Amino acid sequence: MKKVTLAGVPEHFNTPILLALEDGAFAEKGIDLQFITVKEGTGKMCQMLDAREADVSILLTEGICKHIINGGKAKLVQWYTKTPLLWGIHVGYASKFQKETDLKGTVAAISRKGSGSELMSFVHAANMGWNTEEVRFEIVHTIDGAVAALTAGTSDYFMWEQFMTQPLVDQKIFRRLGVCASPWPCFVIAANTIFASENPTDLQTVLAVINRYTSSFKNRATAAADIAERFHLEPPQVHDWLQVTEWSQEQITSETLNKIQNQLVSFNIIDKKGTFEEMVIS
């Protein structure tokens, strides 16, 4: 049985993979899939791909694109979702800030450099008409670190997926000032370049199982209840999230990649573009 290490965030997007593991779907195909949950997010998973600590990862589009362009040892494989991520813009519950415009010139908490929380802070600043070069950051590593930073006042705001942060809003730890949607499909599957070149059949087997479960997940009568139980969310909130979330089994096209890179350039997230051949496993 071939061991394959897959890294992903411990969030509701990856429920289909958890179900596939519980059903033994990877093992049936001769794959010993080791799913590593990485609460630090995309920046950490990029490092893990480079270090061969993960063979395959499910990451935020903007983070892995920047990583590959900057010389990362990974390539894009296919889309994981086709819908954008809805990033909640949060402050500490007792914060003096009351609206998004109050955040100009303040400090954003981010998990690490190159993370989605950093890159979407640039997107948000650009959307607000602010100078993206003036955005300041504090690295907090995890959502728990963000709670500590916003509570202590060392950071002023924190951007994270709005449904996963809803319990913190309900508990009056965070206040949400707004929501910023990513201008592209939010999650993509990427693989270490050496692993992909040496194990193409195993990679395709892993993808086939993932695609089978993501394509049928929303048809499960228990989908919302399963997510709610696993991630301590309220079923009505999960129902709302499922209404605006679509998984994808599609390949990445050169046209779509070029469009995303043009947007990343416009937001000053990247300063050069990569070719399709450099970035995507074909």
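The legends below describe close-up views of a predicted model.

**View 1. The largest nonpolar core.** This core holds 97 residues, of which I64, L76, Y80, F187 and I269 touch the most other members. Helix 9 (residues 200–216) supplies the largest share of the core, 6 residues.

**View 2. Surroundings of F187.** With neighbours within four places in sequence left aside, the contacts of F187 are V9, F13, I58, L59, L60, T61, W79, Y80, T81 and L85. F187 also belongs to an aromatic cluster, together with F13, F217, W241 and W247.

**View 3. Packing of helix 4 and helix 5.** Helix 4 (residues 61–69) packs with helix 5 (residues 116–128) at an angle of about 100°, and their axes are 8 Å apart. The two helices are therefore roughly perpendicular to each other. E62, G63 and K66 of helix 4 make the contact with G116, L119 and M120 of helix 5. By type, the residues of this contact are 2 nonpolar, 2 polar and 2 charged.

**View 4. The aromatic pair F122 and F137.** The whole structure contains 9 aromatic pairs. In the pair of F122 and F137, the ring centres are 5.4 Å apart and the planes stand at 75°, so the pair is edge-to-face. F122 lies in helix 5 and F137 in strand 7 (residues 136–139), so the pair ties together parts that are 15 residues apart in sequence. F122 counts as buried because its relative accessibility is 14%, under the 20% cut-off. F137 has a relative accessible area of 24% and is partly exposed.

Terms used: Residues are numbered from 1 along each chain as its sequence is written. This is a predicted model: local features need pLDDT of at least 70, side-chain atom pairs count only at pLDDT 80 or more; totals for chains, interfaces and linings use all residues. Side-chain values use heavy atoms; hydrogens and water are left out. A nonpolar core is a set of buried Ala, Val, Leu, Ile, Met, Phe, Trp, Tyr and Cys residues joined through side-chain atoms within 4.5 Å. Buried means under 20% relative accessible area, exposed over 50%, partly exposed in between (1.4 Å probe, protein chains only). Helices (H or I, at least four residues) and strands (E, at least two) are DSSP runs, numbered from the N terminus. Contact means heavy atoms within 4.5 Å. Axes are lines fitted to C-alpha atoms, for helices over the stretch in contact, and angles run from 0 to 180 degrees between N-to-C directions. Angles under 35 degrees count as roughly parallel, over 145 as roughly antiparallel, 65 to 115 as roughly perpendicular and the rest as oblique. Ala, Val, Leu, Ile, Met, Phe, Trp, Tyr, Cys and Pro count as nonpolar, Asp, Glu, Lys and Arg as charged, and the others, Gly among them, as polar. Rings of Phe, Tyr and Trp (its six-membered ring) pair if their centres lie within 6.5 Å; planes under 30 degrees apart count as stacked, over 60 as edge-to-face and the rest as tilted.
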